Amino acid sequence: MSIELHNVSKSFNKRGRKIHALDDISLKIKQGEFLGLLGPNGAGKTTLTKILSTLLLPTSGEAYINDIPITEDKKIRKIISTAFGESGGRSLYYRLSIEDNLRFYATLAGVQKKEAQNRIASLLKYFDLEEKRKTLVMKLSTGMKAKVVLIRSLIPLPQVLLLDEPTLGFDAISSEKTKNLLTDFNKEFGTTILLTSHNFSEIDALTRRIILIDQGKMVEDCAPFAFKKVASQELVDVIFSVPNFQKEIFSEIIRQVAHAKIIRLVESTNYVNSYEAQIQAERYPLNETISLITVLILERGGKVFKIAPFIPSLKESFLAFLKIKEEQEKETILSIPIEMVE
Ligand SMILES: Nc1ncnc2c1ncn2[C@@H]1O[C@H](COP(=O)(O)OP(=O)(O)O)[C@@H](O)[C@H]1O
Ligand SMILES: [Mg+2]
């Protein structure tokens, strides 16, 4: 296994209060896997990344990277590279130039001088920092510093790459470039990558497995597609036409025959005399609901131009997840008997 966690917990004492930043996390990541780490603010993502980076020790539990316990920090640091975007370049020497920072770090990481020079030159070129290479880090914008931090982490061609919001402050083009670069790294060198990001399109495009943590607990471990399905709430997108269409009648038929509810209905901008609707299945499974809706449109002499399950973006799924959770919490509070709330 490339990364392994066994019942890892981490608590902090904050003004006399105990905070469980991580609560009993177990996880196995294979060599060459590209994993996305998602979760709301304060979920414990950075804490998890720091533990794997040997910057923090867990309160309990064990973790290994390439079968080496993380307590052997010197050995671990030879295998891993990290980039923390949030710290905004605090891991760089402000009074040194970009190039000197990268050279210094490459030496520390044991990269041969010639090899280091080649990699630094090509990565600076790739991220359009070639002309700034002699500029002191303290004169750089946040986004530029984050780029240098990311480049720094790539120079040793690490076996394991731990990236915590690495593209914070990047413009769209640099984000796109980062996506391509990380894909190449993962494919060409078989680098295991753990990526935390609030850029959902990044996670969606890059990873085939996502871990969702919330209040220190792991709540989901699945493919992004599966996560979207959980959060899609059984919605159907349909584009159709029906002769003498009347909204109220149509809604009623959908409700009675398909046991489904129209969430959204607008005139189609792509088809003449047609409508686009989003319909929520309320009784039958999605596929059955789709068949029922198709049949009842065709029976009325109508046409179906498109009908498919609605697949939300990863961001929509994540927001839906947070909303469901919020509602559940409200329900829990509401379900406490009155006499207990005093
Ligand atoms: N050094 C620390 N001291 C006290 N509390 C901390 C410390 N680091 C993190 N925490 C707390 O642990 C929880 C998880 O934080 P963090 O791992 O940074 O979350 P995330 O990266 O998912 O936003 C938060 O409640 C945070 O306030
Ligand atoms: Mg964080």
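Which residue stands opposite Val-160 in strand 8? The legends below describe close-up views of a predicted model, and the second view gives the answer.

View 1. Strand 1 (residues 3-14) and strand 2 (residues 17-29) are antiparallel and share nine bridges. Within this pairing, Lys-10 has Leu-22 of strand 2 as its bridge partner. The hairpin formed by strand 1 and strand 2 has two residues between the strands, and Arg-15 adopts a positive phi near 45° there. Strand 1 also runs antiparallel to strand 4 (residues 60-65), to which five bridges join it. In strand 4, Glu-62 is the residue opposite His-6.

**View 2. Strand 7 pairs with strand 8 in the parallel sense.** Thr-192 in strand 8 is the residue that stands opposite Val-160. Strand 7 (residues 160-164) and strand 8 (residues 192-196) are joined by five bridges.

View 3. Asp-164 of strand 7 lies opposite Phe-84. Asp-164 is also one of the buried residues of strand 7.

**View 4. Strand 7 is covered on both faces.** On one side are Val-160, Leu-162 and Asp-164, and on the other are Leu-161 and Leu-163; all are buried. Why is strand 7 described as largely enclosed by the rest of the structure? Because five of its five residues are buried.

View 5. Ile-98, Asn-101, Leu-102, Tyr-105 and Ala-106 are the buried residues of helix 3 (residues 98-108).

**View 6. Other helices cover the buried residues of helix 3.** Helix 4 (113-126) and helix 5 (142-154) are included in what covers these buried residues, among them Leu-102 and Tyr-105. After helix 3 comes Gly-110, which has a positive phi near 80°.

Key:
Residues are numbered from 1 along each chain as its sequence is written. Chains are lettered from A and ligands numbered from 1 in the order in which they are written. This is a predicted model: local features need pLDDT of at least 70, side-chain atom pairs count only at pLDDT 80 or more; totals for chains, interfaces and linings use all residues. Two strands pair if DSSP finds at least two bridges between them. Helices (H or I, at least four residues) and strands (E, at least two) are DSSP runs, numbered from the N terminus. A residue is buried if 20 or more other C-beta atoms lie within 10 Å of its own, exposed if 12 or fewer, and partly exposed in between; C-beta atoms are placed from the backbone. Two residues are in contact if their C-beta atoms, placed from the backbone, lie within 7 Å.
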